[in-house]
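Subject: Structure handover

Hi,

Here is the structure we talked about. Please open it alongside this note; my findings follow below.

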Amino acid sequence: MTTRLLAPFTWLGSHGLSMTQGLGNWGSLITDTVRALRHVDVWGRLLLPQLARIGVDSIPIALFIATFTGIVLALQASYTFTGAIPLYFVGVLVGKTMIMELGPVLTGLALAGRIGANVAAEIGSMKVTEQIDALETLAYPPNAYLVVPRVLAGVIMFPAVTILAIGMGITSGWVTSLQLLDMSTPQFVRGLTLFFFPFDVWFAIIKATSFGLVVTLVGCFYGFHTTGGAEGVGRSTTKAVVVSSMLILVLDAFWAVLLL
Amino acid sequence: MKRRNETLVGLVLVLGVVTAVFGSLWLQGWEFGRTVETVEAVFSDVGQAAEGNAVKVRGVRIGRIDEVSVHPEGEFVQVVLRVDADVPRPPDAAVVLAPESMFGEWQAEIVSRSLYPHFQFLDPNEPDVLPGYALPDISRLTATADRISENLADLSDRIGIAFSEETAENLARTIQNVEGVSDRLTQLIEQQAATFDVLAARVEEATGEIGRAATASRTTFDHLSDLMATGEVEMLLTDVRDVAEGLQSLTQEATTTTSEFQKMAVRAESTFARVDRILGAAEDGEGTLGRLLNDPTLMNEVEATLVQLQLLLEDVRENPRRYLRLSIF
């Protein structure tokens, strides 16, 4: 009877401790990573491969997604605007949506699945096979060796990949407008330039940078806290993808509230 | 492998930066390879105009709005236009801000100020700054229309209050009266029309008469012209002048005669007055004549005297010596 009455408090205390422990772990990871920035000799030589893996290797999937997003946007815009609204507003919708929203977010989500899972699985495997412990034994700072190159690569390459994805999305929307919507290039360009502000590009870059930071950090975090062998690696990978995807959407709303 | 990674990463980064920078500039309306200049204009209000809006001349886009800022003292709004330097502008150039379409975007058009004399352009203090005027946007027009609709609603309410049953009856009566007046007017117009017909006929007849008179006058004038040509008119005028002179002297004599006649009339009048008084007095029996007229005794004595005088004369005639004695020495 007493145990039942105390159950809610037990649940609350347990989850409170867990959350506090999680926040502590996050704080510890971030602090250690910032401290590890001084070990340039360690992470410097590892940065280029990570830039290639996280950035260059992600370009095909990012461009693929952006291409079809641009096509769909143009078609849906023309479908929506049929009637009173002039057709050049297709350019407005494709441009604004690709630059400010779908370009960064879809690229972020795609890369969260690819990069977040990759990082979590890689570090998680090293964790369960005690390779990270070995690094510490060899006096290698594990954050400088594993976290800093990935996080820096994410922060640098996510914006670049996002910009290229935005360009591809707008281009595919333009081609679609020309080929399928009977629009002319001046019409599409007029819509594209009509409500464009340079801040739109900065907004996309800020979002993409934050997404790169979150995706790589979350992957590293769950990789570092992987337990339970191969199964644990799978769980960490899944968690990394889910949490980073959620955080991307939360950050998307956060930046919109903060900057718009 | 490492070199390949370096190349690819560098390529992606450069491509990303170039895409972002040049894409932004292009979307802002930068015209690469063209000479641009900045033009400043001042406005009292810029409506919905914002940075990046198109700048046009005769409907052709030649640049964009580069900066919109309120003057430090808050008196007006400064707008910097970034335009193609090769496009000529009118000598009396001014800038009109107006909605580019119904969907919110605005434009700045460089126009000749003389074409829009009714626009209240804000005149700048500096010679290089263009005067500007912003047309009211759709929201203002909508607000105005809203006020008008409110006034109309108010007016219709008042009409609804004023339009009672009694008003309706009055209106019906008025309409009936108007119908009656209209019938009378119709009759009057018909009568007037008939009168006008008669009058027109008479006028036509008179016109004919006038025409004939004119013809006769023309003939007369022709004759007169002939007479003047032959000198008969001059002779006639001389005779007329003589007659006139005679008439003038006659008139003078008549005037003199008339004045004398008047004097004589005055005298006659006074004479008649005296006679009238004498006769009156005589009738009243005053004076010798009166008594003579009114007293039969005197008449009888006079008659007897006359008879004796007649007998005396006869006696004298028969016996002159009785009465006359002639002796010489």
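Which residues do ring pairs link into a cluster? They are Y116(B), F119(B), F121(B) and Y133(B). Keep in mind throughout that this is a predicted model.

**Aromatic pairs**

Over all chains, the structure holds 12 aromatic pairs. One of them joins F89(A) and F195(A), with ring centres 6.3 Å apart. Their planes stand at 50 degrees, so this pair is tilted. F89(A) belongs to helix α4 (residues 89–128) of chain A. F195(A) sits in the loop between α7 (185–194) and α8 of chain A. The pair therefore ties together parts that are 106 residues apart in sequence.

The two partners also have accessibility values. F89(A) has a relative accessible area of 10%, so it is buried. F195(A) has 23% relative accessibility and counts as partly exposed.

**Helix crossing in chain A**

Next, look at helix α1 (residues 2–36) of chain A and helix α8 (residues 198–224) of chain A. Their axes come within 11 Å and cross at roughly 115 degrees. α1(A) and α8(A) are therefore roughly perpendicular to each other. The crossing of α1(A) and α8(A) is right-handed.

Who makes the contact?

- From α1(A): G22(A), N25(A), W26(A) and L29(A).
- From α8(A): L217(A), V218(A), F221(A) and F224(A).

Sorted by class, the contact of α1(A) with α8(A) has 6 nonpolar and 2 polar residues. Charged residues are absent from it.

Best wishes

Notes: Residues numbered from 1 in each chain as written. Chains lettered and ligands numbered in written order. Predicted model: local features only at pLDDT ≥ 70, side-chain atom pairs only at ≥ 80, totals over all residues. Heavy atoms only, no water. Axes fitted to C-alpha atoms, helices over the stretch in contact; angles between N-to-C directions. Helix = DSSP H or I, 4+ residues; strand = E, 2+ residues; numbered from the N terminus. Parallel < 35°, antiparallel > 145°, perpendicular 65-115°, else oblique. Left-handed = near helix turned anticlockwise from the far one by under 90°. Contact = heavy atoms within 4.5 Å. Nonpolar A, V, L, I, M, F, W, Y, C, P; charged D, E, K, R; others polar. Phe/Tyr/Trp six-rings, centres within 6.5 Å; stacked < 30°, edge-to-face > 60°. Buried < 20%, exposed > 50% of the residue type's maximum accessible area, 1.4 Å probe, protein only.
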